[in-house]
Amino acid sequence: MLLNKIVIIGVGLIGGSFASALRKTGLARHIVGVGRSQRNMEHALARHIIDEIASDIASAVHNADLIFLAMPVGQTGNVMMHLAPHVQANTIITDAGSTKQDVIAAARAHLSLQNRHHFVPGHPIAGAEQSGVQAAQADLYQNRHVILTPLPETSPESVERIRELWQACGAQVSLMAADEHDRVLATTSHLPHVLAFTLMNHLKHSTSHPDDLLRFAGSGFRDFTRIASSSPEMWRDICLANREALLTQIEAYQDELHALTEILQNNDGKALQQTFSQARALREDWLRRANSTSE
């Protein structure tokens, strides 16, 4: 399973953590980094997350065993277009995008059929509000879920190779259809981020002095809005890429708010408690099951 040359395109939290995890396992002999920020790349080199900073994609992917795409999903098409003429036929390509149908569309548009045989779309569900290689950590994927959404033409051998690499990083790997992935993540990830960003904007727009309100915000507000510290560029791309599924979830959430509004308007304490109890029970059951699988 030893990889002589791994190329990480986008050496931030996700790409840097993947490189660090593979280096820790001893599976990576030489790691090449590609990125937009020279300062970020030099930091990755200084931390020994990568061994080399590539000057361009063409030289980076030459004779690569594995290419890991970890840049914002909005850049996927452009990156694939530039790497396609230079990637070897047997090089495995995978990604970490939070949306999958758009990534697959980009692969079909730019990668040859031979390259698509070795393309394994993936999504590690292990993000954080911090970004950049400074936040990278070798144990980021320990006991985290990774979803793979292979194409019909993706070879089973390539899927198994990527599965083994993620498992070596400590992750739990599942396979899923790309459209199902995008619907699920619209609910559990994309909508919560939109709500956190929106709550902060609501606070900003509700007063000319938001600091006066934030001075009295407690841990609950901090916990709820933590993910509003995430990268605006990354979340712009995710929301636009998964726009239809996200709009469906926003509409469904508005229905829940409308129902809650009616309960409050009716001064119905029994219904309000029942609503909160139902939500609490679902969350506690989820936490129990999550804790039991991670032990």
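Two strands are taken as paired where DSSP finds at least two bridges between them. On this basis, the predicted model contains an open sheet of 6 strands, arranged in the order β3-β2-β1-β4-β5-β6 and with parallel pairing. The edges of this sheet are formed by β3 (52-53) and β6 (119-120); each has a single partner strand, so one side of each is left without a neighbour in the sheet.

In overall terms, the chain comprises 13 helices and 9 strands. Its radius of gyration is 21 Å, close to the 19 Å that the globule rule gives for 295 residues, so the chain is as compact as a globular protein of that length. Along the principal axes, the C-alpha atoms fill a box of roughly 70 × 40 × 40 Å. Of the 295 residues, 42% count as buried. The chain exposes about 15,800 Å², of which carbon and sulfur atoms supply 52%. Among contacts in the chain with a separation of 6 or more, 77% are accounted for by residues 24 or more positions apart.

A search of the whole structure finds 4 aromatic pairs. The ring centres of F18 and F68 lie 4.1 Å apart with their planes at 20°, so this pair is stacked. The pair links distant parts of the chain, with F18 in helix α1 and F68 in strand β4, 50 residues apart. Both F18 and F68 are buried. A further pair is formed by F68 and W166, whose ring centres are 6.0 Å apart and whose planes lie at 65°, so this pair is edge-to-face. This pair likewise links distant parts of the chain: F68 belongs to strand β4 and W166 to helix α7 (residues 156-168), 98 residues apart. The relative accessible area of F68 is 0%, and F68 is therefore buried; W166 also counts as buried, at 0% relative accessibility. Ring pairs link F18, F68, Y141 and W166 into a cluster.

Helix α1, which holds F18, also contains S20. With a relative accessible area of 14%, S20 falls under the 20% limit and is therefore buried. Leaving aside its neighbours within four places in sequence, S20 is in contact with I49, Q137 and A138. The C-alpha atoms of S20 and A136 are separated by 7.7 Å, although the two residues are 116 residues apart along the chain.

Strand pairing is also found among β7, β8 and β9. Strand β7 (residues 122-125) and strand β8 (residues 145-148) pair in the antiparallel sense over 4 bridges, and the bridge partner of G122 in β8 is L148. By contrast, β8 and strand β9 (residues 172-175) run parallel and are joined by 4 bridges. In this pairing, Q172 in β9 is the bridge partner of H145. The two parallel strands β8 and β9 form, together with α7, a right-handed β-α-β unit. Helix α7 of this unit is also the helix that carries W166, the partner of F68 from strand β4.

How values were computed: Residues are numbered from 1 along each chain as its sequence is written. This is a predicted model: local features need pLDDT of at least 70, side-chain atom pairs count only at pLDDT 80 or more; totals for chains, interfaces and linings use all residues. Side-chain values use heavy atoms; hydrogens and water are left out. Rings of Phe, Tyr and Trp (its six-membered ring) pair if their centres lie within 6.5 Å; planes under 30 degrees apart count as stacked, over 60 as edge-to-face and the rest as tilted. Buried means under 20% relative accessible area, exposed over 50%, partly exposed in between (1.4 Å probe, protein chains only). Contact means heavy atoms within 4.5 Å. The radius of gyration is taken over C-alpha atoms; the globule rule is 2.2 Å times the number of residues to the power 0.38. Accessible areas come from the Shrake-Rupley method with a 1.4 Å probe; for residues, only the protein chains shown count as cover. A crossover is right-handed if, with the strands pointing away from the viewer, the path from the first strand over the helix to the second runs clockwise.
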